[in-house]
Every structure is written in structure tokens, then in C-alpha cells.
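Please look over the chain shown below, first as a whole and then residue by residue.

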Amino acid sequence: MVDLNSDLGEGLGVWRLGDDETLLTIVTSANVACGFHAGDPSTMRRVSAGAAGRGVRVGAQVSYHDLVGFGRRRIEVPPDELADELLYQIGALSAFGPVAYVKPHGALYNAAAVDSGHASAVVAAAEQAGGLPVLCQPGSVLARHAAERGLRVVAEGFADRAYQRDGRLVPRTSPGALVTDVAAVSARAVRMVVDGVVEAVDGSLIPMPVESLCVHGDTPGAVEMALAVRAALAEAGVALAPFV
């Protein structure tokens, strides 16, 4: 059994990014933008309501305060100040329904994977929000910090992102960072769930035991990919269900 998640609610005002409504019929968990890299109150309400109506769990997709850069630029913020900003985002989303977990977005996701200060800020916010589970890369600094504080750590794999040999994601600024071939995305998803490994860009196999798989909502062809991943998992005998 595995969870299938996607980043949703990443529009802003009149601008829509991705097909939230259709993806909510496919995924089991929705990482909802909380206004700092994307999203707004009406979008948060719409996606939260749509998720509730379909039994999809809602997680707070927290980020640096970076609307212009879509949260993909690392910002040096003192850990205590960053923790406040992340808690603020979780609180904003919780106004529209239950928040089941926390997942960092973009540059914060990558920074918290290796930086103790930023990882500790994510953990502090999750703790203060009621001890929420943290969705993150297995073996990361964030995973270690969260486990040490007694939070549930949910290991996440990316079906549509390329990995480096050390298990980190290939930066989006590098060629080949996104895997766009639907068949390849589906095969990678099944391999991560069934075999607990993923092939890195250099051809090596790296351990990737996952409880949740992500297909990005803003990836070209996201709906087709998510449907293909769901079908491939079903064919492999893997059931889908929220992790919480």
C-alpha cells in the first residue's frame, strides 16, 4: 500500500496552475500551497473542500516567503523566524479544514534535506501545529530531526524528478531534472514502491523506500502521469491509500 500525493492549489488570484479538480480524483493526499509561494484564501478553501469531498488528505505545503520565485529560491532566514513563518502558513490552511501533515516546498524542501537550521524550523512548526507528520526525503537531515523530536516521518519519492547518486534531487536548473516520459515515470514509481530503489542519473541504483509518491501538479501532462502511475501501481498489486 502506498500514498499518492501532488502539489495543488498553486494558482494565485485569477491565475490557475495545474488541474486541481481532476488531480483530486486521482491522488490520495494533496499538498496545498499556503500563500507564501503560491495560493490564496479562496484557492485554499476550494482545494480543501474538494479534497474533503473525495476523502483526500490535505497537507500544508509550506515554503519560503517567495511569491515571485515560486518558492524555488533559497532564502536565508533565521530558524526561529522561519519556524514562525511556517506555522503561520499551517494556521492559514487550517482555517479551511483539517491539516493532516506538513511538506516543505521547493527550495525549502531541498535546504531542509541538508541544513539543520532550516530542518529544525520545519520540525518546530510541525510540533507547534499539534505534532503533525512530516513528508520528506528518506535519510535526509529533516527526516532525522523530525524522528528525534518524535514526529512521524513519511518517506517520499518523486516519480517525475531525477535523482543524483547521493539521493538528492537533480536541481531544476539542470538538464534532465524533470522526467517527462509517462512510461518512465510509471516504471520508476512501481520500482520505488515494490523494490525500494530508484535509478540515479548516472545509472546507479540508490535505496528509496517510500510511503508516499509525488507527481507534481505543475509538471506538463501531470494528469496523464498521475493516472498512469495509479494504473501501473494497481497492475503491480499495490493499493493506494492516504498515509494518515
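Is Cys-214 buried or exposed? In this predicted model, Cys-214 counts as buried because its relative accessibility is 0%, and a residue is called buried when that value is under 20%. Cys-136 also counts as buried, with a relative accessibility of 2%. A disulfide is a covalent bond between the sulfur atoms of two cysteines, and it is reasonable to ask how many of them are present in the structure. The structure holds 0 disulfides. For Cys-136, the closest cysteine sulfur is the one in Cys-214, and this lies 13 Å away, so the two are too far apart for a bond.

The C-alpha trace spans about 40 × 35 × 35 Å along its principal axes. Of the 244 residues, 54% count as buried, and among the contacts between residues at least 6 apart in sequence, 72% join residues that are at least 24 apart. The accessible surface comes to about 10,000 Å², with 55% of that area belonging to carbon and sulfur atoms. As for charge, there are 19 positive and 27 negative side chains, and the centres of these two sets lie 2 Å apart.

Ser-6 counts as buried because its relative accessibility is 0%. Once neighbours within four places in sequence are left aside, Ser-6 is in contact with Leu-23, Val-27, Ser-29, Ala-30 and Asn-31, and also with Val-215, His-216 and Gly-217.

Which of its residues are buried? They are Val-141, Leu-142, Ala-143, His-145 and Ala-146. What covers these buried residues includes strand E4 (101-104), helix H4 (106-112), helix H5 (116-128), strand E5 (134-136) and strand E6 (153-158). His-145, which is found in this helix of residues 141-148, counts as buried because its relative accessibility is 18%, a value to be read against the cut-off of under 20%. Leaving aside neighbours within four places in sequence, His-145 is in contact with Ser-116, Ala-119, Ser-120 and Val-123. Ser-116 and His-145 are 29 residues apart in sequence, while their C-alpha atoms are 7.8 Å apart in space.

Ala-146 is likewise found in helix H6, and its relative accessibility of 0% is why Ala-146 counts as buried. Not counting residues up to four places away in sequence, Ala-146 touches Val-123, Val-134, Leu-151 and Val-153. The C-alpha atoms of Ala-146 and Val-122 are separated by 8.5 Å, although these residues are 24 apart along the chain. Helix H6 is followed by Gly-150, whose phi is positive, near 80 degrees.

Two loop residues complete the tour. Phe-70 lies in the loop between strand E3 (57-62) and helix H3 (79-94), and its phi is near 55 degrees, a positive value in a residue other than glycine. Phe-70 counts as buried because its relative accessibility is 16%. Leu-169, in turn, lies in the loop between strand E6 and helix H7 (182-195), and with a relative accessible area of 8% it is buried. Beyond the residues up to four places away in sequence, Leu-169 touches Asn-110, Gln-137, Phe-158, Arg-161, Ala-162, Tyr-163 and Gln-164. The C-alpha atoms of Leu-169 and Val-201, which are 32 residues apart along the chain, are separated by 9.9 Å.

Conventions. Residues are numbered from 1 along each chain as its sequence is written. This is a predicted model: local features need pLDDT of at least 70, side-chain atom pairs count only at pLDDT 80 or more; totals for chains, interfaces and linings use all residues. Side-chain values use heavy atoms; hydrogens and water are left out. A disulfide is a pair of cysteine sulfur atoms within 2.5 Å. Buried means under 20% relative accessible area, exposed over 50%, partly exposed in between (1.4 Å probe, protein chains only). Contact means heavy atoms within 4.5 Å. Accessible areas come from the Shrake-Rupley method with a 1.4 Å probe; for residues, only the protein chains shown count as cover. Lys and Arg count as positive and Asp and Glu as negative; His and the chain ends are not counted. The place of a charge is taken as NZ of Lys, CZ of Arg, CG of Asp or CD of Glu. Helices (H or I, at least four residues) and strands (E, at least two) are DSSP runs, numbered from the N terminus.
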